[in-house]
Amino acid sequence: MGSDSTKAFSPDGSQNEQRLRLLVETGILLASERSLDVIVQAALDAGLHLCSARYGAFFYNNIGDNDKSYSLYKEAGPDLNIFATVPEPHCTEIPKDSFLNQLIVRSPDITRDPRFTENLPFAALSPNHPPVRSYLSVPVRSRAGESLGCLIYGHPDVDSFTPASEDLVATIASQAAVAIDNLRLSENLTYEISQVDAARALQRETSERLRQALDAAQLGTWTWDRATDLLDLDERAAYLFHAEPHAPITRTALRKRVVAIEDQAYTAENLERFLETGGIYTAEYRVESPDGIQTWLSASGNATFAPNSPDIIGMVGTVQDITTRKTQETALRQSEKLAATGRLAATIAHEINNPLEAVTNLIYLSRTDPDVPEPVQQLLETADAELARVAQIAQQTLGFYRDTTRPIEIKLNDLLHSVVDLFERKMVTRKISCTLDLEPDLCIHGLQGEIRQVFSNLIVNAIDAFTYPMLKPGRIHIRGRHLHGAKFGGGQEAVSILICDEGSGISPTARARIFSPFFTTKLSVGTGLGLWVTRGFVEKQGGTICFHTRTGDPSGTIFRVVLPVHIPPPRTASTPPLRA
Amino acid sequence: MHNTFLSSDARETMSTATSQADGDSVLATSPTRILVVDDEPLIADTIVQILNRNGFIAEAAYGGREAIDAARRINPELILSDVLMPHIDGVEAAITIQKFLPEARIVLFSGQAATVEILARARVRGYHFELLAKPLHPTQLIKHLRQE
C-alpha cells in the first residue's frame with residue numbers, strides 16, 4: 001500500500017477515509033486488547049500502513065538494574081527477513097532523540113541527515129537491500145512520561161514520510177501507549193490483588209494457627225480497655241472466668257464476682273503495679289465458680305499504648321488454668337517440708353536416744369533404791385512416766401520402733417487384737433467398748449513394728465476422740481476386709497482396715513492439717529506426730545490412708561487404711577508420690 | 001563424776017548380786033551372767049546396776065575390743081551390746097564373741113537408724129541378732145532378757 005505512493009497523505013478522500021477507519025479500528029482494538037504481543041503488532045502494522053512505510057519495527061525499552069538496552073520486539077513490512085541481521089541496538093546506537101528525549105524524529109534522508117552520524121536501525125541493513133532513506137521514529141510514552149519503546153519506520157525512497165503521516169503514527173503510538181499502560185496497570189492490579197489475596201491467606205493461616213496453638217495450650221485470650229475498664233473475653237477465657245464470651249464486663253466487676261476473696265487485693269495491687277511500671281503483666285490467682293469450685297488461673301498480658309505515647313491504654317493477654325500445676329506444687333512443697341521435718345526429727349531423735357536411755361536408767365535406779373523416802377520415790381515415778389512420754393516421741397519420730405528389720409508376713413487379725421488388748425485398760429476406764437469385725441486371714445507383708453505403730457496410733461486417736469465426761473458409752477469399731485482386683489491401684493490384692501469411732505469428729509479447720517507434722521488438737525498431751533508418722537508408714541508400705549469425719553450429731557470419724565498384700569519396690573526419686 | 005560413782009557401784013554390786021538373787025523366786029537356778037557393752041560408760045554402768053539389782057550378774061565393757069577380752073574372761077551367757085561404737089562396732093564384736101561362745105545369747109541395743117544396715121550386713125554373713133531400740137525402759141529390758 002505504502003510503496004505505490006511517495007506521498008503518504010493524498011487529498012484522495014477515499015484513501016483518507018480508509019486511513020481514518022484504520023486509525024479508529026486500531027484504536028478500538030488496542031483499547032480492548034490484553035496481550036502485549038497483539039497490541040504491539042497491531043500498532044506497528046497500522047503505523048506501517050498509515051505512513052506507507054516499507055519497513056517497521058518496535059523496539060522495547062528494557063530498563064535493567066545497571067543498564068538500558070532496547071530490544072527489537074516486533075517488525076513489520078514486506079521484507080521481514082531484513083531484520084534478521086539487525087543487531088540489538090544499544091542505547092548509544094539508537095536515535096537518542098526518540099528514546100531518551102522522547103521526541104519524534106522524521107528525516108527525509110537519514111543517510112544524509114547531519115543530525116545522525118552514528119549507526120541507526122535500518123542504516124546498516126544487508127547490502128542486498130536498498131538502504132533506508134526516509135526515516136520516522138515515534139516514541140511510545142506512558143502517561144507518566146516513561147518511555148515504553150519506539151516505533152520506527154523506514155522507506156528506501158527519499159522524503160517518503162509527510163507531517164500528516166507523522167501525526168498518524170504519533171496517534172497510533174499514543175493509542176499503543178495507552179493500551180500498554182492499561183495492560184501494565186491491569187497486570188499490576190492483578191499482581192497486587194494476588195498479593196493481597198496471599199497476604200489474606202497468610203493472615204487466615206496465621207490466625208488459624210494461633211487459634212490451634214491457643215487451643216492446644218488451652219489458652220484463652222482477653223483484651224482490656226483501661227479507659228472503660230471493659231474486658232473482652234474469648235470463649236475459653238470466658239469459660240475460665242465463669243463469664244459470657246464477648247459480653248461487656250468491667251475488670252473490676254469480674255474480679256469482685258469470681259476472684260477468690262484471699263486473692264482480690266493481690267490482683268488489684270498487681271494490676272496497679274503493672275500500670276505504673278509497665279513490662280509484662282502476670283498474675284496467678286484463684287477464681288471460684290458460682291457453685292463454689294475453686295481453680296487456679298494464670299493470666300499474662302502486654303500493654304497497649306496510645307499512638308506515639310508512653311501511656312498504657314489497655315492490655316491484650318492470655319489466661320490458662322493452672323490448677324493441676326498448683327496442686328502439684330503444693331504437694332511437692334508439702335512433701336519437701338515433710339522430708340525436711342523428717343530429717344530434722346530423725347536427727348534430734350538420734351541425739352536424744354542415748355541421753356534418754358541414761359536418764360531413764362538413772363531415774364529407775366533412784367526410784368528403786370530402798371533408801372529413798374516415799375515422797376521422793378513418788379516424784380521419781382512421775383519423772384519416770386514423763387520420761388516415758390519423751391521416749392515415745394523419740395521412737396515415733398525416728399520411726400525406729402521395730403522388732404524386725406525386714407518385711408515379714410504379718411497376720412493383721414492377731415496384730416489388731418493385740419493392739420486392742422494393749423489399750424483395753426485405757427478403754428475400760430473411759431467406758432469405751434471396742435468391737436472387731438475382721439475377715440479371716442488378713443495377711444500382708446511388711447515391717448511389723450511400723451504396722452503395729454500405724455494401728456496403735458489410730459486406735460489411740462479413736463480413744464482420744466471422745467470428749468469427757470461422756471454422756472453415753474463410746475464405741476470403737478474396727479473392720480477388716482480383703483480387697484481384690486481393681487479395688488486397689490494396679491489391681492493387686494490388698495486389705496482394707498476401717499477404724500471407726502463415735503467421738504467428736506475432726507473440725508473442718510483441722511481436717512487439712514491432721515497429717516502435717518507437729519499439728520495436734522490434743523494440746524498438752526499431743527506430739528503432733530502420730531498421724532504424720534502413721535501416713536509415712538502407710539505410704540512406705542505402698543498403702544493409702546484417708547478419713548471421713550462428722551462434727552454434727554451423730555459425730556464420729558472413720559479412718560481407712562488400705563495396705564497392699566505385697567510391699568512395692570521402693571519409689572525412685574524421679575517419681576515423687578503426689579497427693580491430691 | 002557419775003562414771004566413777006557408778007563404775008565402783010557396778011563392781012561393788014557384782015559381788016553382792018548373788019545374795020540379792022537368792023530372794024528372787026524367778027531365778028531359782030544360778031543367775032545369768034551378762035556382759036553389757038556400751039561406749040557411753042553412763043549407759044553401760046547404769047544398766048549393769050539395774051541388772052545386778054534384778055538378779056543378774058552383770059559386768060560392763062566400754063568398747064568392742066574390751067568386750068571381746070571381757071567375754072573371754074567371764075564367759076557370759078548373754079551379751080547386751082550397743083551397736084555403733086568406735087574401732088570395733090557391736091556387730092563385729094558380737095560375731096567374734098559368737099565364734100568362741102556359740103551358746104551365748106547376743107542382744108544388740110541401739111538408738112540409731114544406721115543399725116539396720118549394720119544388722120543387714122551381719123545377716124549376710126549368717127548371723128541373726130536380736131535388736132532392741134534405745135531408749136528402752138529398764139522394766140521392759142529386764143522382761144525381755146528374762147524371756148528365752
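Residues are numbered from 1 along each chain as its sequence is written, while chains are lettered from A and ligands numbered from 1 in the order in which they are written.

I noted the spans: α10 is 412–422 and α12 is 448–464 of chain A. Helices are DSSP runs of H or I, at least four residues, and strands are E runs of at least two, numbered from the N terminus. The two axes come within 10 Å and cross at roughly 45 degrees (lines fitted to C-alpha atoms, for helices over the stretch in contact; angles run from 0 to 180 degrees between N-to-C directions). The pair is therefore oblique (under 35 degrees is roughly parallel, over 145 roughly antiparallel, 65 to 115 roughly perpendicular, the rest oblique).

I then listed the contact (C-beta atoms, placed from the backbone, within 7 Å). Leu415(A), Leu416(A), Val419(A), Val420(A) and Leu422(A) of α10(A) meet Ile451(A), Arg452(A), Phe455(A), Ser456(A) and Ile459(A) of α12(A).

**Helix pair in chain B**

I turned to α3(B), residues 64–74, and α4(B), residues 90–100. Their axes come within 9 Å and cross at roughly 20 degrees. α3(B) and α4(B) are therefore roughly parallel. This crossing is right-handed. Among the contact residues I found Ala67(B) and Ile68(B) of α3(B), with Ala93(B) and Ile97(B) of α4(B).

**Sheet in chain B**

I traced an open sheet of five strands, ordered β2-β1-β3-β4-β5, with parallel pairing (strands pair if DSSP finds at least two bridges between them). β2 (57–61) and β5 (130–133) of chain B are at the edges with a single partner each, so one side of each lacks a neighbour in the sheet. The twist averages 20 degrees from one strand to the next.

I checked β1(B), residues 33–37, against β3(B), residues 78–82: four bridges, parallel. Leu35(B) stands opposite Ile79(B). α4(B) packs on the sheet and touches β1, β3 and β4 (105–110) of chain B. Its direction makes about 160 degrees with that of β3(B).

**Confidence**

I read a mean pLDDT of 79 for chain B, with 76% of its residues at 70 or more (pLDDT is the predictor's confidence in each residue, from 0 to 100). Residues 1–28 of chain B fall below 50. Where pLDDT is low, the predicted coordinates should not be read in detail. The model scores ipTM 0.76 and pTM 0.40.

Key. This is a predicted model: local features need pLDDT of at least 70, side-chain atom pairs count only at pLDDT 80 or more; totals for chains, interfaces and linings use all residues. A crossing is left-handed if the near helix is turned anticlockwise from the far one by less than a right angle, and right-handed if clockwise. Two residues are in contact if their C-beta atoms, placed from the backbone, lie within 7 Å.
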